[in-house]
Amino acid sequence: CLKYGIEPLVTICHFDTPIALIQKYGGWKDRRMVDAFLKYCKILFENFGSKVKYWITFNEINMLLHMPFMGAGIVFEEGENQEQVKYQAAHHELLASAKAVRMAHEMMPGSMIGCMLAAGQFYPYSCAPGDVYAAMECDRDNYFFIDVQTRGAYPVWAYKRMERLGVNLVTEPEDTKVLQEGTVDFVSLSYYCSRCMSSDPEILKNKSRGNAVINAVINPYLKASEWGWQIDPLGLRITLNTLYDRYRKPLFIVENGLGAVDVVEDGSIHDTYRIDYMREHIKAMLEAVNEDGIPLLGYTSWGCIDLVSASTGEMKKRYGMIYVDKQNDGSGNLERLKKDSFYWYQKVIASGGEDLD
């Protein structure tokens, strides 16, 4: 990256809890994972600290509540209180993140270390107060981890929610201080779609699909991708404003893109749908910066090259600007092909986001 003038951005744990530690400790269920993570961080910081300025502790940390194996290497045992396990694992990850922040500041003065969430504002389905409250509660689920990582303490509502779920966090006396002293320098996010929520049981039957398994209802004002993710560029601007209003930390968009079926025609892929999606989202991002004054450290798309989709396990759902000849059934020779979006995005980044035509 440095050779080609690209500023590296490193996520320390991106849905990749080592299988050996899942087998040994049960993943992030076990507090010993904190020390294992810090050992890993120390090695990374020693080897790459002079080359990397921007670091993220955990990818989409809020996904732990929705995809506990992917987010924390959790395999539930029969009869376990699954909510207890998930929130306890979350506590361990939050401690690890806070300690990693302190370590990074000590070992790499001038570096910035942030958190990351799967973002996307929840809209109330209507102006009915019940819908507004339901959307607020869903947003709180998304912000739970980031509240702790930016503010250094659990929000008051989180304790009540855990109490209702029968969760009794096992903590140690120093945990409060660790969280207070290990707040992040910036908030990074993935954004693919906004979401909509209702309190009406009939409306709730009309589920949409979105990032991973977050339940939401279909927003009648938005179009959707082939996988049902509703396309909402203005929602990105709304989300950025909401996050900055809440946290007052610089923001960083680290994932944004469109999963779609790409067809090779005469050696080319004319993915105008992906270009349209990215163009409108980049416009919304620029409006948030230039018109709303949101401090944004950067934007990185998801992704540069086709790979297996985390949410569905498919190659068919492609995000890349470079096509990889590999299909769901395993066929294909892995040959690569630049899509139209590759040449478009090359022009976009060369112009610093000014040439979006």
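Reply: Two strands count as paired if DSSP finds at least two bridges between them, and the strands (E, at least two residues) and helices (H or I, at least four) are DSSP runs, numbered from the N terminus. The model is predicted, so local features need pLDDT of at least 70 and side-chain atom pairs count only at pLDDT 80 or more, whereas totals for chains, interfaces and linings use all residues. Residues are numbered from 1 along each chain as its sequence is written, and side-chain values use heavy atoms, with hydrogens and water left out.

Me: How many bridges join β5 to β9?

Reply: Strand β5 (residues 186-191) is joined to β9 by 4 bridges, and the two run parallel; since at least two are required, β5 and β9 also count as paired. Here Leu189 stands opposite Ile253 in β9.

Me: Why is strand β9 described as mostly covered?

Reply: A residue is called buried under 20% relative accessible area, exposed over 50%, and partly exposed in between (1.4 Å probe, protein chains only). In strand β9 (residues 251-255), 5 of its 5 residues are buried.

Me: What is the order of the strands in the open sheet, and which are the edge strands?

Reply: The sheet has 6 strands in the order β1-β2-β3-β5-β9-β10, with parallel pairing. β1 (9-13) and β10 are the edge strands, each pairing on one side only. From one strand to the next, the twist averages 30°, where axes are lines fitted to C-alpha atoms (for helices over the stretch in contact) and angles run from 0 to 180 degrees between N-to-C directions. Helix α2 (residues 32-48) packs on this sheet, touching β1, β2 (54-58) and β3 (112-119), and its direction makes about 155° with that of β1; contact here means heavy atoms within 4.5 Å. Helix α4 (residues 82-107) lies across β2 and β3, running at about 160° to β2.

Me: What makes Arg32 and Asp30 a salt bridge?

Reply: The term requires a side-chain nitrogen of Lys or Arg within 4 Å of a carboxyl oxygen of Asp or Glu. Between Arg32 and Asp30 the N to O value is 2.8 Å, so the pair qualifies. Asp30, at 17% relative accessibility, counts as buried, while Arg32, at 47%, counts as partly exposed.

Me: Where in the chain do Glu137 and Arg161 lie, given that their side chains meet in a salt bridge?

Reply: Their N to O value is 2.7 Å. Glu137 is in helix α5 (residues 129-151) and Arg161 in helix α6 (residues 156-164), 24 residues apart, and the pair links distant parts of the chain. Both labels of burial follow from the values, because Glu137 has a relative accessible area of 18% and Arg161 is at 8%.

Me: Why is Glu291 called exposed?

Reply: Glu291 is at 57% relative accessibility and therefore counts as exposed, while Arg237, at 17%, is buried. The two form a salt bridge, their closest N and O atoms being 3.3 Å apart. Arg237 lies in helix α9 (residues 233-247) and Glu291 in the loop between α10 (272-290) and β10 (296-299), so the pair ties together parts that are 54 residues apart in sequence.
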